[in-house]
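Okay, everyone, thanks for coming.

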Amino acid sequence: MKQKRALRRGWLRKFAALTALVTAAAGLNLVGPQEAQAANSPYVPARYRLVWSDEFEGNALNRNNWTPASGAWGDNMQMVYKDQPRNLYVKDGSLHLVAYREKNGVKTNVCGGQKVKTGKNCIQTRRYTSAMLRSRDKQYFKYGYYEARIKLPKGHSSWSSFWLLAQDKTYGDWPHSGEIDVFESKGYDPQFVQSTAHWFNKDKGKRDQSNNWNKKHFGINTQDGYHTYGLLWEPNKLTYYIDGVKTHEIKSPLRGTHSNGFMPFDKDFYLLLNHGVGGNFLEGHYNPAGGYIERQYVNGQDMSVDYVRVYQKK
């Protein structure tokens with residue numbers, strides 16, 4: 001694995017140098033993550049430098065960077081997040097978030113998650129365990145280029161995500177302080193990727209969001225190999241990338257809870273990685289109501305993360 005990483009880094013340095021040479025020779029002034037100006041990634045914007053990363057080397061999670069989640073989540077998801085080796089481990093230079101169907105199920109309090117629910121029986125049985133990591137209170141940033149290289153699981157009912165939430169909830173609980181989704185996926189469609197952002201719209205009195213970008217036939221299979229998912233977060237714009245190709249952007253001004261131009265994305269946000277099972281986002285046959293989730297889920301589905309990196313302007 002060390003030899004593999006050394007070879008990859010050597011290739012990336014050569015790629016960056018070659019790109020810079022060709023660009024200079026052609027008199028081009030490229031803008032955006034295709035510039036290959038950073039030694040560690042060919043997709044980093046010019047004038048951005050690495051300020052933090054987790055390369056998932058060694059054989060243990062760096063808990064100075066991440067806190068594993070425990071318990072159930074919202075959105076009708078059918079797993080319990082566990083901090084245990086079978087669901088969460090580091091090996092061969094990658095982080096592994098692995099989902100299993102549990103024969104006897106797991107009793108859990110389902111009233112937590114992103115939105116607290118009340119007025120019902122909170123103790124329920126979930127049939128799956130999986131893993132989620134959060135960098136809250138440990139690693140959080142405002143603006144910059146965020147990048148993760150990930151191979152997604154093949155489970156039909158897997159719902160995998162790389163996203164950001166507000167560190168201090170300055171404007172209130174979710175969705176008032178915002179959410180940025182670098183990507184979300186649907187396991188039953190390996191060519192589906194969605195990117196968006198959420199906030200609270202005081203005019204509507206409820207959550208609002210950008211027009212989603214999603215592509216069911218983007219030309220890549222997210223489950224057969226590693227792909228790079230990027231977000232360029234600037235004061236007045238969010239721009240999304242897959243393998244260096246721009247897919248979507250969200251521009252200000254947005255209607256929201258305050259009026260400084262790009263609300264509420266002007267505070268520190270922390271990072272999340274999760275491998276969910278089931279849930280409303282999956283729709284149709286593969287959410288719990290469809291009945292396919294248990295018949296078609298294969299144990300040991302693995303969301304593999306090669307690295308997570310954050311770059312900011314020099």
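This is a predicted model: local features need pLDDT of at least 70, side-chain atom pairs count only at pLDDT 80 or more; totals for chains, interfaces and linings use all residues.

I'll start with the overall picture, then go to the strands, and finish with the cores.

Residues are numbered from 1 along each chain as its sequence is written, and side-chain values use heavy atoms, with hydrogens and water left out.

So, the protein chain has two helices and 19 strands; those are DSSP runs numbered from the N terminus, with helices being H or I of at least four residues and strands E of at least two. Of its 314 residues, 52% are buried, and buried here means under 20% relative accessible area, with exposed over 50% and partly exposed in between, using a 1.4 Å probe and protein chains only. Now contacts, meaning heavy atoms within 4.5 Å: among those between residues at least 6 apart in sequence, 70% join residues at least 24 apart.

On to the strands. Two strands pair if DSSP finds at least two bridges between them. Strand 6, residues 123–130, pairs in the parallel sense with strand 3, residues 79–81, over three bridges. Strand 6 also pairs with strand 5, residues 94–109, this time in the antiparallel sense over six bridges.

Next, the inside. A nonpolar core is a set of buried Ala, Val, Leu, Ile, Met, Phe, Trp, Tyr and Cys residues joined through side-chain atoms within 4.5 Å. Which residues touch the most other members of the largest one? Of its 40 residues, they're Leu 95, Ile 150, Leu 273 and Val 308. Strand 19, residues 301–313, gives this core its largest share, four residues. Apart from it lies another core of 17 residues, including Met 132, Trp 159, Phe 281 and Leu 282.

Let's stay with Phe 281, in the loop between strand 18 and helix 2. Why does Phe 281 count as buried? Because its relative accessibility is 15%. Leaving aside neighbours within four places in sequence, Phe 281 contacts Trp 159, Glu 184, Ser 185, Lys 186, Phe 192 and Gln 194.

Phe 265 and Trp 199 are 66 residues apart in sequence, yet 8.9 Å apart in space, C-alpha to C-alpha.
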